[in-house]
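This briefing is meant to be read with the structure in view. Please look over the two chains before going on to the grouped points.

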Amino acid sequence: MNEFLRPPWTDLERQHRAVTFGMWAFLASEVLLFAGLFAGYSVYRGLYPRGFLAAGNETSIWFGTINTFILMTSSLTIAVAGRAARAALLGPARLLLMATFALGVLFLILKGFEYREDLQKHLLPGPGFPIAVAGAQLFFAFYWVMTGLHAVHVSGGLAAVMRLILVSGRNGEWLRGSASEEATALYWHLVDVIWIILYPLLYLTGRAHG
Amino acid sequence: MDRKALRALWLRPLLTWGALCLLLAATCGLAYVPLGWGNLPLALAIAAAKAALVGTIFMRLMQETPLNRMAAFVGPIWIFIMFVLMGADYLTR
């Protein structure tokens, strides 16, 4: 009996297949959660094109672009970590997981600075909102909800990556034997993909019209 | 770790990351070029290309079992159906 095998599976191969299938099914449901927001964004952008273009110009292109770069790089480090673990290079795999965690934390720190800048510019929908074009407040309602929900997902991903780092510290073979590394990496990549879609909707909108 | 093992580990992911960075620079630069209604579809097409790169190379979708590939495509297919039905309503009012 393998130490990484969990009931009800009788071999690691089947357990691995079940875990990855379960993760892909979960990711499909996650995609649909964000799709509801994308749908709302599309409808309101269609109804208030001028407001969305004016408001889109007020988000921080620098924070948005640097954070996109950071998340893409963290996808690289966790992808190589998985390849290293499968090649039994468990030390480098663990180091790459630490790099992934650090990049995720850096993303959240920059997001915090960006939120502070947004609040200083009164970009929270409500009284005192500075852009007097119909629909601009709706754009920022989507901005806060979408980036907030995404940040919750990054935080969940960070907890999962930290678990990999901690458990593999006690038993390095666990990274290779259990399917946890692959499941966590799939989730982390999805968080990256969601951000890749959010980036043009929230940060590139209205730049050519400014 | 010898050079060959290092190369096998990093080459494909690093090339993918390079392509992602180029696409990021392209989409950011093109956002400032006035293309009228064309800015959004172009930006979304580049985003889709980036998502496809992450899906196929980083998430190893092509090496997955057919069952997993089907699960991966189910999300986008349902979104497509949702947007078609939504467009049938809002675009024809």
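This is a predicted model: local features need pLDDT of at least 70, side-chain atom pairs count only at pLDDT 80 or more; totals for chains, interfaces and linings use all residues.

Helix 3 of chain B supplies the largest share of a nonpolar patch, giving 10 residues to the patch.

**The nonpolar patch**

- The patch lies on the surface and has about 1,100 Å² of accessible area together, and its members include A:Phe21 and A:Leu32 from chain A as well as B:Leu67, B:Met70, B:Phe73 and B:Trp78 from chain B.
- Two elements give two or more residues to this patch, namely helix 1 (12–47) of chain A and helix 3 (66–90) of chain B.
- B:Val74, which is one of the patch residues, is found in helix 3 of chain B.

- The size of an interface is often given as the accessible area lost when the parts come together.
- Here chain B and chain A bury about 3,900 Å² between them, and 80% of that buried area is on carbon and sulfur atoms.
- On the side of chain A the contact takes 47 residues, while on the side of chain B it takes 42 residues.
- How many salt bridges are counted between chain B and chain A? The count is one, and the side chains that meet in a salt bridge are those of B:Arg60 and A:Glu182, with a distance of 3.1 Å from N to O.
- Six residue pairs, with both residues at pLDDT 80 or more, are in polar contact between chain B and chain A.
- On the side of chain B that touches chain A, the elements giving two or more residues are helix 1 (3–30), helix 2 (39–58) and helix 3 of chain B, and helix 3 gives the most, with 11 residues.

**Backbone features to look for**

- Most residues other than glycine have a negative phi, and most peptide bonds are trans.
- B:Arg60 has a positive phi, near 55°, although it is a residue other than glycine, and B:Arg60 lies in the loop between helix 2 and helix 3 of chain B.
- B:Arg60 counts as buried because its relative accessibility is 19%, and the cut-off for buried is under 20%.
- A:His122, which is likewise not a glycine, has a positive phi of about 60°, and A:His122 lies in the loop between helix 4 (90–120) and helix 5 (136–170) of chain A.
- A:Pro7 and A:Pro8 are joined by a cis peptide bond with omega at about 10°, and A:Pro8 is in the segment before helix 1 of chain A.

**Chain A as a whole**

- Chain A has seven helices and zero strands, and the C-alpha trace of chain A spans about 65 × 30 × 30 Å along its principal axes.
- Of the 210 residues in chain A, 55% are buried.
- The accessible surface of chain A comes to about 8,600 Å², and 67% of this surface belongs to carbon and sulfur atoms.
- Among the contacts in chain A between residues at least 6 apart in sequence, 79% join residues at least 24 apart.

Note on methods:
Residues are numbered from 1 along each chain as its sequence is written. Chains are lettered from A and ligands numbered from 1 in the order in which they are written. Side-chain values use heavy atoms; hydrogens and water are left out. Patches are made of residues with over 30% relative accessible area and no salt bridge: like charges are joined within 9 Å, nonpolar side chains (Val, Leu, Ile, Met, Phe, Trp, Tyr) within 5 Å. Accessible areas come from the Shrake-Rupley method with a 1.4 Å probe; for residues, only the protein chains shown count as cover. A salt bridge is a side-chain nitrogen of Lys or Arg within 4 Å of a carboxyl oxygen of Asp or Glu. Helices (H or I, at least four residues) and strands (E, at least two) are DSSP runs, numbered from the N terminus. Contact means heavy atoms within 4.5 Å. Buried area is the accessible area (1.4 Å probe) that two parts lose on being put together, summed over both. A polar contact is a pair of N or O atoms within 3.5 Å; within protein, one must be able to donate a hydrogen and the other to accept it, and residues adjacent in sequence count only if both atoms are side-chain atoms. Buried means under 20% relative accessible area, exposed over 50%, partly exposed in between (1.4 Å probe, protein chains only).
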